[in-house]
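Here are my notes for you to read with the model open beside them. Take the points in order and find each residue as you go.

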Amino acid sequence: MIRIALFSLLLFCFSGCTNRSTVAEPTAAPTASATYTAANCPQTPYVSARPPDENTARLTNTWYANEWLWAGLVPPYKGVWYAGGVKVGWWRSVVGKLSIEGLRLNAPAPPLRADIPDGYGLSGFQATSIDFPTEGCWEVIGRVADKSLRFVVQVHPASENPTRQPTPIMTPTPPRTATGLSDLKVPTPQPGYFWANDEPKELPPFAFGVLDPDSRQAGAAGTIRTDELSVPLFNAPKDLDVYLVGDYPPNHCAVLLGIVKSLQGWDCIPLYSLVQYTPAQPLGEKMVTVTKEAIVQRAVQLLQERGLLLPDQAMPKAYGLSRVFFLQRINGVPVYANKNLAVAFNVDGQATNIIGRRRPLLARSRYPLRLPEEAWKMLMEGRRRGFFVDTGYEPVQPTAVQSEPIERFVAMELAYVEGEVINPQEVMQPYYVFRGEQGQAFFVPAVADPYVRWP
């Protein structure tokens with residue numbers, strides 16, 4: 001019942017397709033009536049070509065592709081497909097919403113389930129997760145408009161899925177000078193709550209060493225057509241905490257079960273500190289008049305009843321009449337993540353989905369910040385990046401995407417960026433965020449040199 005609502009995904013901006021001679025063409029669809037075993041499952045080979053975008057090409061070596069679509073199985077699966085949920089990145093060179101379907105070829109089985117989150121536009125990169133209900137020989141079909149990509153994979157048992165196994169505590173990727181990180185434990189949630197209040201261990205300054213650029217969920221650097229900022233540069237603090245974030249123990253779903261009494265319709269993934277609920281029927285009565293105030297009130301109630309709303313997330317914002325978003329803040333600094341807490345609604349004001357991820361803060365260490373003037377200079381020099389994260393901003397134009405050129409900068413702020421989950425422990429650092437009037441956001445590392453590696 002578990003579906004990984006995704007991840008990994010990291011990075012992305014494509015400019016086209018590679019040589020078709022090295023890219024797999026879509027194959028004719030196998031039929032479920034054929035007899036396939038693990039030994040003779042006609043698995044589609046990975047292509048030798050790589051996406052033309054440098055960041056995307058580094059995501060994985062396990063790509064399927066044709067001239068319209070790419071699909072890549074991300075780490076930590078190492079090219080092996082598993083039941084119980086895997087993360088897959090897609091690239092669309094055609095315009096349209098991605099859909100994913102599939103069937104088991106060697107035995108009867110329910111169809112696969114795919115999570116295709118909003119927020120990635122109608123072309124380019126799309127993060128997804130695919131949940132195969134059983135092991136076996138499976139065909140997967142991705143469609144955009146009238147184009148499709150088909151491939152066949154051998155799916156291994158969910159019990160072997162590395163994201164479902166208890167994972168030993170790991171040290172953060174950057175080099176560190178502090179000791180005692182291996183004994184960090186996640187606080188126990190208070191009764192009636194799924195996530196715990198953060199109690200990070202205070203470490204000496206620079207405890208995580210030199211910080212690496214966070215490539216998780218990275219997007220296009222974008223195009224800038226202006227050198228003016230319509231708001232004054234603010235007075236940033238001289239230093240700020242950098243955090244080590246972690247995961248919950250494998251049995252943490254029992255906490256949610258104790259609150260909701262049944263996990264029917266729920267996805268609960270402790271490694272990713274993630275919960276998602278997709279009810280068989282929408283939650284709540286139909287509203288006579290759907291307003292932002294009404295759906296915000298309903299969203300707060302639904303989350304509180306399920307223990308999913310902590311005090312530092314209790315600042316809801318409605319995106320039109322379809323989504324209420326809850327932005328976490330750490331000492332007043334917002335956390336921009338690709339799976340922030342949100343409730344989706346239909347046209348009748350009924351909730352159709354609840355999703356949220358909140359990684360526990362295990363430790364903190366103080367780092368100096370660069371001046372806002374230096375960050376602005378880096379932005380103008382092209383030393384910037386985009387992230388596929390939710391910044392809590394409702395675009396003036398609903399169709400605005402990160403790749404649209406910046407004609408005018410209208411805001412600047414400090415924010416933490418929590419990319420997709422790759423390792424059980426990862427460092428979360430602050431960025432200066434420069435925002436365009438159409439909702440685009442460009443990021444410059446806030447930690448000062450030489451404490452961060454940045455091109």
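Which exposed residues does the face of α3 turned away from its buried side carry? They are E293, Q297 and Q304. Exposed here means over 50% relative accessible area, buried means under 20%, and partly exposed is in between, with a 1.4 Å probe and protein chains only. Helices (H or I, at least four residues) and strands (E, at least two) are DSSP runs, numbered from the N terminus.

Before the points, some housekeeping. This is a predicted model, in which local features need pLDDT of at least 70 and side-chain atom pairs count only at pLDDT 80 or more, while totals for chains, interfaces and linings use all residues. Residues are numbered from 1 along each chain as its sequence is written, and side-chain values use heavy atoms, with hydrogens and water left out.

1. Let's stay with α3. On its buried side you'll find I295, V296, R298, A299, L302 and L303. Look down the helix axis and these buried residues fall within an arc of 165°, so they line one face of α3. (The arc is that of the directions from the helix axis to the C-beta atoms.) Among the elements covering them are β15 (316-319), β16 (323-326), β19 (341-345) and β20 (351-357).

2. Just past the end of α3, check G307, which has a positive phi of about 65°.

3. Now for the cysteines. A disulfide is a covalent bond between the sulfur atoms of two cysteines; the cut-off used here is a pair of cysteine sulfur atoms within 2.5 Å. Searching the whole structure turns up two of them. Count the bonded cysteines along the chain and the pattern is 1-2, 3-4.

4. The torsion about the S-S bond of C41 and C137 is about 75°, so the link is right-handed. Both C41 and C137 are buried.

5. The other one joins C253 to C268, at 2.2 Å from S to S. C253 belongs to helix α2 (residues 253-260) and C268 to strand β13 (residues 266-269), 15 residues apart. Is this link left-handed or right-handed? With -105° about the S-S bond, the link of C253 and C268 is left-handed. C253 and C268 are both buried.

6. While you're at β13, look at its side chains: W266 and C268 point one way, D267 and I269 the other, and all are buried. β13 pairs with strand β14 (residues 274-277) in the antiparallel sense over four bridges; to count as a pair, two strands need at least two bridges found by DSSP. D267, for one, has Q276 as its bridge partner in β14. The hairpin of β13 and β14 has four residues between the strands, and S273 takes a positive phi near 50° there.

7. Last stop: A236, in the loop between β11 (218-219) and β12 (239-245). A236 is partly exposed, with a relative accessible area of 23%. A236 touches P372 and Y432, leaving aside residues up to four places away in sequence; contact means heavy atoms within 4.5 Å. A236 and A446 are 210 residues apart in sequence, yet 9.6 Å apart in space, C-alpha to C-alpha.
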